[in-house]
Amino acid sequence: MSATFLGIPPFPEAARAAVDDSRLRHNLRKATHTIRDKRGAVVTELEEDWERLRSEGAAIKSHTLRHLDHYLEQLESSVERAGGHVHWAADAAEANAIVTRLVQATGETDVVKVKSMATQEIELNNALAEAGITAYETDLAELIVQLGDDLPSHILVPAIHLGRSQIREIFLDQMAEWGVAAPEGLTDDPRALAEAARVHLRERFLRTRTAISGANFAVADSGTLVVLESEGNGRMCLTLPETLISVVGIEKIVPTWADLEVFMQTLPRSSTGERMNPYTSTWTGVTPGDGPQEFHLVLLDNGRTDVLADTVGRQALRCIRCSACLNTCPVYERTGGHAYGSVYPGPIGAILTPQLRGMSSEVDEALPYASSLCGACYEVCPVAIDIPEVLVHLREEVAAGPGHLGEKAMMKGAEAVLGSSHALNAAQHAAGAARNLVPRHLPGMAGAWTDTRDLPDVPAESFRQWWNKHEKGQS
Amino acid sequence: MRIALFITCVNDTLFPDTGRHVVRLLERLGHEVVFPEGQTCCGQMHYNTGYRRPAAKLAVRFVRTFEDADAVVVPSGSCAAMIRDNYPRLGGSGSRLSRKVAGLAPRVYDLTELLVDVLGVTDVGAYYPHKVAYHPTCHGLRMLGLGDRPYRLLRAVRGLELVELAGATECCGFGGTFAVKNGDVSSAMGADKARHAVESGAEVLCAVDNSCLMHIGGTLSRQRSGLRVAHIAEILASTEKEGALR
Ligand code: SF4
């Protein structure tokens with residue numbers, strides 16, 4: 001059974017622990033800055049083409065989402081025409097039940113998995129475990145997280161929060177229990193670690209007859225599913241087993257094969273800073289004698305149609321999970337992914353998670369505020385999702401709800417003072433007169449400010465008071 | 001030219017010197033500054049925290065106060081961005097507010113834009129014999145797209161040595177209510193910004209926004225770093241004759 005995000009406190013509290021963890025801060029800083037710099041270099045070399053690709057990507061996704069019902073039906077028939085089976089899942093429970101049933105039908109109790117956000121989202125591994133089925137992650141970083149009984153903290157690099165010495169310990173302690181043991185004398189040299197994982201996984205690939213994947217794209221007109229990856233482990237899972245089950249969010253559709261042209265350029269550049277990812281696997285239904293002979297596509301809603309109904313928030317469904325916004329976000333860089341309490345962390349998590357789950361919990365209400373609105377995420381997003389716009393939009397929803405009485409009173413007070421220049425002037429006079437009474441450390445909510453920063457001195461005279469004298473020639 | 005000053009509530013209350021510097025600078029350059037009485041606040045705090053209705057009310061007030069101005073100067077990048085980028089989202093399409101915002105927003109400028117683009121000066125005749133680092137605030141950088149305007153203005157200041165700031169484009173962590181709601185992350189971001197500022201070897205860190213400077217300056221002050229912060233208006237208003245104006 002793998003760990004879950006349940007019980008993680010709301011962002012400000014979870015972030016406090018993360019900010020205080022210097023090893024975590026070090027690992028995150030190093031990793032995010034490395035990918036950020038690589039991305040910057042390969043994006044810059046495209047010059048103005050980049051902005052064109054960006055708006056084309058956004059346009060393709062927006063168009064598809066607007067006509068999603070049409071493209072979903074088209075995808076269903078093209079997959080079935082190619083020999084695959086299509087299943088519809090309204091929520092996580094339904095998706096998990098479908099997949100469990102499909103695996104049970106194969107008679108297997110072990111499955112290999114291609115790294116997939118959709119299956120993380122529905123916590124498929126736990127559901128399978130309850131049915132006595134063991135799911136083995138095969139993506140290197142995902143494997144590390146699974147062996148460590150940990151939680152993913154990044155969309156693309158789930159183990160980004162761990163340093164290589166921590167990974168070595170996990171391999172030495174856990175690999176034997178899951179399969180081929182780590183070699184004795186394993187060092188923390190990245191190549192040695194990768195080799196240990198390779199040996200461990202190889203045996204698994206050759207033995208397992210059922211695989212579960214997600215997909216980066218689903219092409220509606222041909223019924224082709226597409227996975228982009230760096231390691232080749234995904235391709236092993238997609239080609240060796242007899243049965244392949246793919247769990248795919250309904251927003252992953254593109255209308256035609258030609259639309260991939262845009263994303264094949266923007267996705268690798270945005271995610272790993274490569275011009276082209278090393279492995280791109282595509283499959284269309286089944287082909288006798290080649291690859292899996294049985295293919296199931298599980299189309300997952302799980303809140304997505306609700307998101308579509310929100311005219312501002314729906315742009316989050318354009319996301320191609322490149323993780324550029326995570327790598328560039330100054331907040332994510334200092335907290336890591338666990339603080340967000342969701343498989344989707346960082347800026348995209350802050351807008352997607354509360355929309356998918358609904359904002360009924362403290363955790364989800366805190367997420368739209370987990371940003372300084374600096375705009376760096378919007379700047380890098382290859383499908384131009386205006387994340388700050390959606391954050392503010394979701395904050396409106398939180399502010400309109402019950403609770404947050406202290407803040408509401410504060411905002412009301414500010415509204416009264418700012419509602420007229422006379423009221424503001426009077427308040428400034430009062431502040432100027434009481435200026436020597438303001439302590440350096442404030443109690444309550446404002447204490448968050450004075451814990452680490454000095455407040456400025458309140459001036460004796462406001463600008464408008466000075467201006468009135470200036471106008472009369474007195475200064 | 002006759003220029004209307006929107007001082008912003010934070011500057012008005014906490015940093016009145018910035019307004020005085022703007023007035024002296026523009027008057028020195030031969031322009032007339034007017035200060036429309038009814039002005040208060042752009043509504044950014046309300047808007048960014050999710051309180052749209054009061055923000056819209058303040059937008060209406062702003063538009064009413066400034067609609068006749070030829071040019072409005074805003075010595076705060078984030079408030080200028082609020083007006084230009086976010087006001088259009090506040091009124092419904094075709095509403096009175098939207099129409100008026102569409103007319104007024106193009107005449108609203110950050111100080112550096114006003115100087116370089118509208119008044120056509122980069123050498124404002126300033127003298128400031130100090131090592132200075134420039135922090136390009138997020139709103140100045142990404143929303144207003146100030147580009148190299150501030151650097152050009154600073155490079156033309158006599159005596160000023162402009163030093164490079166590492167991690168310049170990264171947010172300082174202020175973010176309005178973010179600084180309170182997520183105080184720990186905000187402080188961590190501020191600490192990194194302050195460290196870069198100290199390591200730059202500058203005597204003064206400047207920006208186009210006092211809110212960011214208040215956050216970074218508060219951190220620097222708590223660290224007893226000896227590095228001070230200054231709004232760009234202070235530097236541009238300083239001359240050999242008058243010195244750095246208080
Ligand atoms: S929101 Fe944009 S930048 Fe972030 S993961 Fe999705 S596509 Fe990438």
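## Chain B on its own

Two residues are in contact when heavy atoms lie within 4.5 Å. In this predicted model, take the contacts in chain B with a separation of 6 or more: 79% of them join residues 24 or more positions apart.

As for the overall fold, chain B comes to 13 helices and 8 strands. Its C-alpha atoms fill a box of roughly 50 × 45 × 30 Å along the principal axes. The radius of gyration of chain B is 18 Å, and that agrees with a compact globule, because 246 residues packed that way would give a value near 18 Å. Buried residues make up 63% of the 246 in the chain.

## Where chain B meets chain A

Now for the interface. Chain B puts 63 residues into the contact and chain A puts in 62. Between them, the two chains bury about 5400 Å², with 58% of that on carbon and sulfur atoms.

## Charges and polar pairs

The rule finds 15 salt bridges across the interface of chain B and chain A. To pick one out, A:Arg334 and B:Glu170 meet through their side chains, at 3.1 Å from N to O.

On the side of chain B that touches chain A, helix H11 (residues 183-199) of chain B gives the most, with 8 residues. Sorted by class, that side of chain B has 27 nonpolar, 19 polar and 17 charged residues.

Notes. Residues numbered from 1 in each chain as written. Chains lettered and ligands numbered in written order. Predicted model: local features only at pLDDT ≥ 70, side-chain atom pairs only at ≥ 80, totals over all residues. Heavy atoms only, no water. Buried area = accessible area lost by both parts, 1.4 Å probe. Salt bridge = Lys/Arg side-chain N within 4 Å of Asp/Glu carboxyl O. Helix = DSSP H or I, 4+ residues; strand = E, 2+ residues; numbered from the N terminus. Nonpolar A, V, L, I, M, F, W, Y, C, P; charged D, E, K, R; others polar. Rg over C-alpha atoms; globule rule 2.2 N^0.38 Å. Buried < 20%, exposed > 50% of the residue type's maximum accessible area, 1.4 Å probe, protein only.
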